[in-house]
Every structure is written in C-alpha cells, then in structure tokens.
Amino acid sequence: MDRRSRKTNAGPSKPGSETDPPTNIWSFVAARSTKSWFVCISLFAVLIRLAVALHPYSGAGTPPMFGDYEAQRHWMEITVNLPVKDWYRNTTVNDLAYWGLDYPPLTAYQSYFHGILLRLFDPPSVSLVTSRGYESYIGKLLMRWTVLMSDVMIFFPAVLYFATVYYSGKLAKDKTYMAWHVVMILLNPCLILIDHGHFQYNCISLGLTVAAVAAILSNKDLVGSFLFCLALNHKQMSAYYAPAFFSFLLGKCLRRHNPLFEILKLGFVVMGTFALVWWPYLYSIDAFLEVLSRLAPFERGLYEDYVANLWCATSIIIKWKQLFSTDTLRLFCLAATALSSLPSMIQLVWSPTKLGFLHGLANCSSAFYLFSYQVHEKSILLPLLPASFLAMEEPFIFQWLIFHGLLSMFPLLKRDKLVIPYTALYLLFILLYRAPGGRNDTKETDSISSILKSVSFAISILLHMIYMAITPPDKYPFLFEAIIMMFCFAQFLLVFIYLNTKQWQFSENPIQPDTKKKKL
C-alpha cells in the first residue's frame with residue numbers, strides 16, 4: 001500500500017482522538033497518570049492552605065474566652081494532662097464552662113495525639129491551667145500544622161478514593177473531568193477558610209465521610225458503615241448525613257436474598273465501631289451519660305448568630321425564643337427536620353440508586369441545616385460536601401451553593417479578619433471553575449433564568465460591599481447580617497426544593513444496586 005492510499009484510508013482525525021493535542025487544561029492534565037496529576041493538585045492545595053494559615057484565626061488576642069483556636073488548644077491541654085475518665089467531667093482543673101469538650105470521643109483522641117506533638121516541641125502550650133490563652137509563635141505554628149497534617153492524611157486520600165470510584169467505568173470523555181472534579185473538592189474555599197483560617201478540624205470528619213461514600217459507591221457497605229461511624233464519633237454533626245446512609249443501605253438490604261442477615265451484618269459493624277470508640281466510658285451508665293450529655297448542648301439556644309436557616313430567618317417576625325420553651329423548640333425542630341428529610345429517605349429505600357444516594361446526602365444534610373436545632377454558620381460545610389460530589393451532574397447548583405455558602409459565613413470571617421484570604425479564594429474558585437474545559441456548562445437558553453441568576457449574583461456582591469463599607473444604624477446594629485442571612489436562606493431553600501425534586505427522578509426506573517458494580 002502506497003503513502004497516498006494509507007492517507008486516504010486513515011480518513012480525517014476525530015476530535016478528542018489520541019492523536020489530537022489536548023484542547024484544554026483539564027484534558028492535558030487528565031492525559032497524565034492519575035498519580036502524577038493528583039500529586040500536583042495536592043501540592044497546589046497545600047500551598048493555598050499554607051497561605052491562608054498565615055492570617056489570623058478565631059479569637060486571636062481576644063480574652064477571656066478567645067475563640068475556636070483556643071478551644072482546640074484547650075482540649076489538647078486537657079487530654080494530655082488528665083486521665084480519660086476526666087476529659088468530659090467538671091473538676092477544679094477542668095472547668096467545662098471554659099471550652100469543655102463537647103464533641104464525641106474520637107475528637108478527644110485526636111486532641112490527645114495532637115497534644116503530644118505540641119508537648120514535645122512547645123510544652124508550655126499545653127501545660128495544665130497555666131496555658132489558657134497561650135498564643136506563642138511556635139505554638140500557633142504547631143497548631144496550624146496539626147490541621148494541615150489531618151487534611152493531607154485523611155481528607156486528601158479520601159477525595160482520591162472517591163474520584164477513583166466515581167469515575168470507574170465511565171466513558172473516556174467523562175474522565176477528562178476527573179482532575180477538575182478533584183480540584184473543586186480539594187479547593188473548596190469554605191472548608192479551607194474555616195479549617196485553616198478560622199481554625200477547626202472539619203477535614204477529619206468530612207474526610208471520613210468522603211471515604212465512607214466512596215466505599216458504599218464501590219459496594220463495600222461494611223467498610224462504608226465503619227468509616228461513617230468514625231465520622232459520627234468525630235463530630236456529631238455528621239448525623240446530618242445519617243438518614244441518607246441509613247435509607248440507602250436499608251433499601252439495598254431489602255433487595256438482597258436474605259435481608260435480615262444483611263441488616264444484622266451492618267448492625268454488628270455499627271455497634272462494634274461505637275463500642276470500640278466509646279470503650280473507656282462504658283464501665284458505667286453514669287460515665288456514658290456524662291459524655292453523652294456533653295454532645296447535645298441545648299442550653300446554647302435554637303441557633304447561633306445569624307445563620308441562614310428557617311428559625312433564624314423567621315425570627316424577625318416570630319420571636320421563637322420568647323414564645324416557646326427550649327423543650328418545645330426542640331420538638332418543633334425534630335418534627336421539621338424529620339418531615340423535610342422524609343421524602344428523600346423514602347426515595348432511597350424505594351429505589352436505592354447511587355446517584356440518588358448522592359442527592360439524598362445533599363437533601364438530608366440541607367434539611368438538618370435548614371430546620372434542625374442549634375445550627376451555626378459553619379454547618380453549611382455539611383451540605384456543601386455532597387454538593388461537590390454532584391459537581392459533574394449539577395455544576396450550577398454546586399457553584400451556587402459555594403457562592404452563597406461563602407456569603408453566609410462572611411460576617412463570621414470578617415470578624416476573624418480573614419477578608420483578604422476570603423476574597424482571594426473567592427476569585428480563585430471562579431477562575432478554576434471557569435477554566436476552559438471544566439464542567440461549567442451552565443449557559444442558559446432561557447433569558448429570564450439567566451437574568452434572574454445574574455441579578456442574584458449581583459445582589460450577593462453588593463451585600464459584600466455594603467457590609468464592608470457602610471455602618472448600620474445604631475438602632476439596628478445587626479441589620480446587614482440579617483439581610484445577608486435572609487437572602488442566603490432563600491437561595492438554600494430553593495436549592496433544597498430543586499434537589500429533592502431531582503432525586504425523585506431516579507425512581508422512575510429503579511435499579512438493583514448490585515447489578516452494575518462500581519458504576520453510578
């Protein structure tokens with residue numbers, strides 16, 4: 001065959017073929033090995049976290065209670081100096097009114113190991129009682145490193161696990177979005193600002209949740225149950241996801257040949273994991289209840305500050321805290337949360353598909369955020385995580401929640417003097433989300449929808465500017481916080497309604513969960 005015939009038979013090259021050069025940054029990245037591009041993205045994500053960590057943290061230099069930074073340091077102080085049985089007990093050297101431990105035992109164990117690190121390099125930072133309000137340079141550096149270590153060791157590998165499972169079995173053209181998807185999760189500006197700016201360890205409980213979701217998507221239900229129980233035992237707010245996990249796994253079990261046996265297996269793993277974590281407190285009923293009572297701080301009230309949920313948004317008209325007792329409000333919250341989660345739960349039991357599960361995680365966590373008791377601004381991180389899982393299917397919803405999640409936390413982050421990293425991460429997110437080749441196919445053919453979204457985004461930017469530049473009237477010192485809260489609540493509620501409606505679309509053709517393994 002001569003050269004001309006070979007050329008003729010070859011035909012025109014198809015777009016996206018192996019011989020074509022990459023047409024965008026994400027195709028270029030995805031053409032490399034997963035290990036190579038994940039390491040590069042991870043290094044960039046670490047660099048961003050380090051840059052944010054250079055800025056102030058919650059309660060810096062504001063005695064007597066300081067803020068979340070001091071709370072985390074104080075827990076390290078308590079756990080490395082007192083026996084386990086006294087960690088949650090009010091004593092002369094452990095005043096529970098001063099940042100007493102109010103998270104499950106896994107947080108206490110994490111504080112203990114981090115406290116050992118601080119005691120090794122800076123003993124005064126965790127000395128009993130005398131270290132209160134301790135803010136040395138080396139102490140702050142070590143504290144920042146404990147968050148970064150937790151992030152890199154737990155959250156980062158969990159994201160890689162999720163991405164590997166999620167894109168397993170997908171078409172080659174879909175896998176080009178894998179790197180973009182990982183970037184969207186790892187560089188979530190809300191999580192970075194709260195953990196590495198404000199100062200918390202959400203990366204641990206959220207990382208365990210990500211790993212649990214990945215395990216369940218790969219049909220490793222027992223492993224997923226174990227990991228999710230660990231997440232619950234690190235932060236009780238992980239219960240926001242519990243209805244979705246329970247319903248999806250129950251729906252799968254009911255479709256097995258021996259449903260009762262499958263349920264018993266899951267129950268054994270759950271009970272065994274809880275027993276393992278709570279073992280030091282199972283020597284008596286009183287010890288167990290002593291810890292349990294610390295995990296439900298009802299005395300803090302219905303909500304904290306100006307959180308964008310139902311109770312705070314409607315409190316401008318209905319003075320809930322004045323009209324009703326704490327017990328009555330708890331019942332209201334329980335009923336509202338259960339009823340708002342119920343449609344999503346029923347769908348998951350009726351038709352336990354994997355995409356339905358991801359939507360269920362978003363809907364149940366949103367229901368808790370919008371309607372449950374004792375919610376604060378930072379809780380928006382919980383609905384944002386499953387929204388990031390759905391960044392491929394619902395790119396606009398993911399983007400919308402990020403923007404308004406940031407806005408809802410802006411007053412808190414401004415108080416922490418984190419406006420500069422806030423602005424930088426806001427712009428970085430827009431740049432990465434809109435980078436050529438990303439999954440940003442949100443152009444609307446409906447001009448009315450496009451105009452409404454543009455107006456809403458403009459209002460968001462305007463609220464930022466007003467909050468920064470204008471002093472509220474003396475009679476209404478929290479006027480702008482209230483406006484921001486109500487605006488964000490409206491956005492979150494609309495997204496909640498939309499995702500619930502979308503989830504029920506997966507009920508039209510129920511799929512047996514085990515028939516197509518490792519596929520969404």
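**Salt bridges and a helix pair**

Start with Asp 327 and Arg 330, whose side chains meet in a salt bridge at 3.0 Å, N to O. The term here means a side-chain nitrogen of Lys or Arg within 4 Å of a carboxyl oxygen of Asp or Glu. Both residues sit in helix α17 (residues 326-350), three residues apart, about one turn of the helix. Helices are DSSP runs of H or I with at least four residues, numbered from the N terminus. Arg 330 counts as partly exposed because its relative accessibility is 33%; buried is under 20% relative accessible area, exposed is over 50%, and partly exposed lies in between (1.4 Å probe, protein chains only).

A word on what you're looking at: this is a predicted model, where local features need pLDDT of at least 70 and side-chain atom pairs count only at pLDDT 80 or more, while totals for chains, interfaces and linings use all residues. Residues are numbered from 1 along each chain as its sequence is written, and side-chain values use heavy atoms, with hydrogens and water left out.

By the salt-bridge rule, the count comes to 15. One of them pairs Arg 49 with Asp 151 at 2.6 Å, N to O. That pair ties together distant parts of the chain: Arg 49 belongs to helix α3 (residues 34-53) and Asp 151 to helix α6 (residues 137-166), 102 residues apart. Both partners are buried.

Now move to helix α13 (residues 259-278), which holds both Glu 262 and Lys 265, three residues apart, about one turn of the helix. Their side chains form a salt bridge at 3.4 Å, N to O. Glu 262 counts as buried because its relative accessibility is 15%, while Lys 265, at 30%, counts as partly exposed.

Last, the helix pair. Helix α11 (residues 221-232) packs against helix α12 (residues 242-253) at an angle of about 160°, with the axes 12 Å apart; axes are lines fitted to C-alpha atoms over the stretch in contact, and angles run from 0 to 180 degrees between N-to-C directions. So α11 is roughly antiparallel to α12, a label for angles over 145 degrees. On the α11 side, Asp 221, Ser 225 and Phe 228 meet Ala 242, Phe 245, Leu 249 and Lys 252 of α12, where contact means heavy atoms within 4.5 Å. These residues divide into four nonpolar, one polar and two charged; Ala, Val, Leu, Ile, Met, Phe, Trp, Tyr, Cys and Pro count as nonpolar, Asp, Glu, Lys and Arg as charged, and the others, Gly among them, as polar.

How values were computed:
Helices (H or I, at least four residues) and strands (E, at least two) are DSSP runs, numbered from the N terminus. Angles under 35 degrees count as roughly parallel, over 145 as roughly antiparallel, 65 to 115 as roughly perpendicular and the rest as oblique.
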